[in-house]
Amino acid sequence: MKKKWWHGKTAYQIYPKSFKDGNGDGIGDLRGIIEKLDYLKELGVEIVWISPIYQSPFVDQGYDISDYYAIDPVFGTMDDMDKLLLEAKKRNINIVMDLVVNHCSDQHEWFQKALKDPYGKYGKYFYIMEGKNGNPPCNWRSYFGGSVWEKLPGYNNLFYLHMFAKEQPDLNWENPEVRQEIYKMIRWWLEKGIAGFRLDAIINIKKDLRFQDFPADRADGLCAGTKMLQYAEGVHEFLQEMKREAFEPYQAFTIGELFDFRPEELERYIGGHGCFEAIFDFSPHMLGGSKKGWYDRKPVTPNEFRDAIYASKELSQDIGMMANIIENHDEPRGVSHYLPEGEINETSKKMLAGISMMTYGLPFLYQGQEIGMTNKEFRSIDEVDDISTLDEYHVALANGFKEDEALKLVTGMSRDNARTPMQWSDAPHAGFTEGTPWLAENENYHDINVKEQQNRKDSVLSFYKELIALRKNPEYSEAIVYGQQMPALTELKNFMGFYRRGNIHTLLVLANYQSKKRTVTINESAAQILLDSCSEESGMAKLIKAENRIQIPMEGYQFLLLEIKE
């Protein structure tokens, strides 16, 4: 693999609305991010992706952009953005922005002009089609529920396509004028000094242009829009053109959000001549899902989590790097999602941290992950702001669940779990704001916050710092960043083990993915402990040598990183 500048880094996602409020209005902003740059540097982060800060009506929390060249006033000004870029550069932090170009806001001037003349120039910027006797052109379901088609105001039989909310009309990538407008905007931002982009929902830019019906998969008579993606051909041509005309001249870092890529095409995405530098590894997130809706999801077991990662790395590591995540702004908190209810504690949180940070790929932390923030307990659907959660709540009701049952079923997956304010301290509103936060904070901020963990050596935050520092350690970084990942001890249930074999060092990860103690035997003659998640003397790992084997008593949820002496 050709070595890239970003390979040995640790990345961090900021959801700006909830990260840090710099002016007391209850909404996080650019000044708040600037204020916390030293915190990120101390953590060891060198790449920061900021979710959308463009001008927006906020129907979908900024993923509905009305002006790609403007900062929304709730986040600050373009001067604030320039200052952020300057201060980040001083700290060797690369800023990555969100690129949302599958769709824009219905308030964008392009769509407003299309409304006035749907058969004119700007009408061709979108997918505007005639319906079938007043009904939508086809039966695709949007990601947020309901048809992907919405009637164009003032026209009886004209519809526009929106894969997401109706306020997010899809841009017509078949139109070369649209593509050139997008490339011009990308170059404008790269000229300002950002390091690159995270590409939102990017595989959706290519549609199945037959716009045909598919068999319904729910009682609403609609079919998931993702079905269409199985038949859409030609997305790589669009992506390669964007790479040539916008990214490559600036050596931009690009990371794609792809849920529905075809495994056999992975090399076309992240290989030596791929469309992107990396894509996110969503394989664990896909576990337990159901076409029926969130109400029908199944809990993720330790073995499923382990096997998904094994399979993903077997597929990807000889091709390129994927980004390892356990949570982001669209997912519930990782510790609440991947750990059994009642077993979420600092030890189990450290285990997940160790797995994520030592797995082959680019580690991508989400704000609050480094202190082990958990899901929020929602007591009423009125406390929920997320458009997707509200849709799934109504899906559950339509399938016979009572209101309290539906609330419990959907809030575990709610995107609002990750969007509650960052927990900086035990001060009012978790130290996030001096005002009233736009979304209520998680009540457990008194116990889980940065201030409490910052100087405690056995905290989750301190463990993340150790993991990040080890990735940068010149002695071991080659094995951690580039070493081949090979499964180990696969016969053990509720356990995850794997080697990272570098040119000089061989490391072995051991994670006891259960609350019960166990003794693990490895067929090695010599080893030393590099990292141990248990700080108490009673839980510290002991290596018991017996001939050419080593026995290791492990506590529940203990994480160990060993160097194997060969």
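At what angle do helix 12 (residues 346–358) and helix 16 (residues 460–472) pack, and how far apart are their axes? The legends below start with the whole chain and then turn to that pair and two other close-ups.

**Figure 1. The whole chain in a predicted model.** The chain holds 17 helices and 23 strands. Its C-alpha trace spans about 80 × 55 × 50 Å along the principal axes. For 566 residues, a compact globule would have a radius of gyration near 24 Å, and the chain agrees with this at 24 Å.

**Figure 2. Helix 12 packs against helix 16.** Back to the opening question: the angle is about 20°, and the axes lie 10 Å apart. Angles under 35 degrees count as roughly parallel, and the two helices are therefore roughly parallel to each other. Helix 12 passes helix 16 in a right-handed crossing. On the helix 12 side, look for E346, K349, K350, A353, G354, M357 and M358. Helix 16 answers with V460, F463, Y464, L467, I468, L470 and R471. Sorted by class, the residues of this contact are nine nonpolar, one polar and four charged.

**Figure 3. Helix 6 packs against helix 8.** This view shows helix 6 (residues 176–192) together with helix 8 (residues 235–247). Their axes are 9 Å apart and meet at an angle of about 40°, which makes helix 6 oblique to helix 8. The crossing of helix 6 past helix 8 is right-handed. Helix 6 brings R179, Q180, Y183, I186, R187 and L190 to the contact, while F238, E241, M242, E245, A246 and F247 come from helix 8. Seven nonpolar, one polar and four charged residues make up the contact of helix 6 with helix 8.

Figure 4. Now for some strands. As a reminder, strands of a sheet pair through backbone hydrogen bonds, either parallel or antiparallel.

**Figure 5. Strand 8 beside strand 9.** Zooming in on one pair from that sheet, strand 8 and strand 9 (residues 158–161) run in the antiparallel sense and are joined over three bridges. Which residue in strand 9 is the bridge partner of E150? The partner to look for is Y160.

Notes:
Residues numbered from 1 in each chain as written. Predicted model: local features only at pLDDT ≥ 70, side-chain atom pairs only at ≥ 80, totals over all residues. Heavy atoms only, no water. Axes fitted to C-alpha atoms, helices over the stretch in contact; angles between N-to-C directions. Helix = DSSP H or I, 4+ residues; strand = E, 2+ residues; numbered from the N terminus. Parallel < 35°, antiparallel > 145°, perpendicular 65-115°, else oblique. Left-handed = near helix turned anticlockwise from the far one by under 90°. Contact = heavy atoms within 4.5 Å. Nonpolar A, V, L, I, M, F, W, Y, C, P; charged D, E, K, R; others polar. Pairing = 2+ DSSP bridges. Rg over C-alpha atoms; globule rule 2.2 N^0.38 Å.
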